[in-house]
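Hi,

Here is the structure I promised to pass on to you. Have a look at it first, and then read on for what turned up.

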Amino acid sequence: MQPRREIRTRPEHREGDDASTAAFAAETPLGSARWSPEAEIGMRVEDIWDSLDQPQLSRGDKLNSCFDAIPVSSFPNTFGAQLVDIPSDATLAEAVDILSRNRINGAPVRNMDAPDDASWIDRYIGIVEFAGIAVWLLHQSEASAAALGADELAAKLGTVTLDGPGGGPGSAKEHKTAPSSEAEGAVAEAFGSLPSSELFRKTKVKDISGSFRWAPFLALQSSDTFLTMLLLLSKYRMKSLPVVDIGEGTISNIITQAAVVHMLSECVGLSWFEDWGTKTLSELGLPIMKTSRLVKVREDESALKAFRHMRKRGVGGVPVVDGVDKPVGSIMIKDVKHLLTASESDRDYRTLTAKEFIANARQSSGEKQMSIITCTKEDTVKDIILRLDAEKRQRVYVVNEEGNLDGLITLRDIIAKLVYEPPGYFGDFFNGVIPMPQNSRV
């Protein structure tokens, strides 16, 4: 590959300098309302893209080469002035409060037993997410419901019941029978009591480490490239990636799928982005998830059933449909925070429907993201990126001409269509981290 040319940066602007303003406007990506660090990354990709004039290279090869030449240390800081982490000896109730107050879905867990000079791999024990807390609570509520009735009630649950006090994923048994209304009610009652229970108030974050995606976690070094980062966020299903400073043993940044999609939205107008982004969803092979695999709940079904579906199927969200199967809303696993922070009077999970849950969450917190956004297969990936970024969403549902669900597109799906993994690319990269069992992931 040819040496990269000097990147174009924002020219110094002096008041009244119309020529400078015009030149800057001409080089600013069309989708950017202002100059941004993300737009500057796009310009770096543009310079590399322009230098790759070998006709034998495909679009995918060129994009891989571009992103493999930029270190993740260039990615803009995503967490502001100070990283939010959670002490390993914090209770689940305290962790939920920290995540809610900071409006984040997950945070690194700092090992309070580690010495001051510990390396990052000993200083942190993982990342705790609302999803992990939700999975743990659902395990506990199903186990409690099973204990109330006996083995036949556990069989009716049609889901995981737990052996022993640990309640970890490794101690689960799977029942295949369909759940009954009695079993659903028992689980709802048990789940409703957990947020106010001593178990929730006293269980430490470190005690549910089995719900973490990785132990301690999968991290990037500042010298790793954008290509590595993009592959981990797509093919390897990571929702967020800490960037560690090996020398200091600290986390210098956390890169999320949403942050990458925001970066892409700032690159609209650049030739490399337009070459890829103006393709329709169908041309890029989207949606990946078809209707037959889509998990959904009716608006008159239990809200808790939506979360149980997510836990059982290992998905991050479900659409809510009306009586004629038209999508009317969306519930994400992170929305469990509305259940965990609700007042005790609002915790009647036996009767709370998906429709009521959405309405209550909107009223209590101003939550708008439970409304559903849709597209068609003829929309371009650029259109979808701009919508997802503008509305701060994780997914968009594809509908057909009749308005019925026809698939799902997530942030991960979009990133996965941007780059591909070359053979043998990662080598021994995954040495030193321990992936959790598949059924522990959400």
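**Salt bridges**

Glu274 and Lys382 join their side chains in a salt bridge, with 3.0 Å from N to O. Glu274 belongs to helix H12 (residues 271–277) and Lys382 to helix H16 (residues 381–391), so the pair ties together parts that are 108 residues apart in sequence. Both of these residues are buried. Before you go further, please keep in mind that this is a predicted model.

In total, the structure holds 16 salt bridges. Another one of them links Arg201 and Glu198 through their side chains, at 3.7 Å from N to O. These two sit in helix H9 (residues 198–202), three residues apart, which is about one turn of the helix. Arg201 counts as partly exposed, with a relative accessibility of 44%, and Glu198 counts as partly exposed, also at 44%.

Lys334 forms a salt bridge with Asp335, and their closest N and O atoms are 3.6 Å apart. Are these two buried or exposed? Lys334 has 12% relative accessibility and Asp335 has 2%; with the cut-off for buried at under 20%, both count as buried. There is also a network of salt bridges, which links Arg298, Asp300, Glu301 and Lys305.

**Nonpolar cores**

The largest nonpolar core has 55 residues, and the members that touch the most others are Phe67, Met229, Trp272 and Trp276. Helix H10 (residues 226–234) gives the most to this core, with seven residues.

Which residues does Trp276 touch, leaving out those up to four places away in sequence? Its contacts are Arg59, Leu63, Leu264, Leu284, Val381, Ile385, Ile414, Lys417 and Leu418.

Val135 counts as buried, at 5% relative accessibility. Between the C-alpha atoms of Val135 and Arg311 there are 6.1 Å in space, although the two are 176 residues apart in sequence.

**Strands**

Strand E8 (residues 240–245) has five buried residues out of six, so it is largely enclosed by the rest of the structure. Strand E7 (residues 220–221) pairs with E8 in the parallel sense, over two bridges. There, Gln221 has Val244 of E8 as its bridge partner.

E8 also runs antiparallel to strand E9 (residues 250–256), and six bridges join the two. Pro242 stands opposite Ile254 in E9. E8 and E9 make a hairpin with four residues between the strands, in which Gly249 takes a positive phi near 70 degrees.

Elsewhere, three strands form an open sheet with mixed pairing, in the order E13-E14-E15. Strand E13 (374–375) and strand E15 (405–410) stand at the edges and have a single partner strand each, so one side of each is left without a neighbour in the sheet. Strand E14 (residues 395–399) pairs with E15 in the antiparallel sense, over five bridges. Val396 stands opposite Ile409 in E15.

How values were computed: Residues numbered from 1 in each chain as written. Predicted model: local features only at pLDDT ≥ 70, side-chain atom pairs only at ≥ 80, totals over all residues. Heavy atoms only, no water. Buried < 20%, exposed > 50% of the residue type's maximum accessible area, 1.4 Å probe, protein only. Pairing = 2+ DSSP bridges. Core = buried A, V, L, I, M, F, W, Y, C linked by side-chain atoms within 4.5 Å. Contact = heavy atoms within 4.5 Å. Salt bridge = Lys/Arg side-chain N within 4 Å of Asp/Glu carboxyl O.
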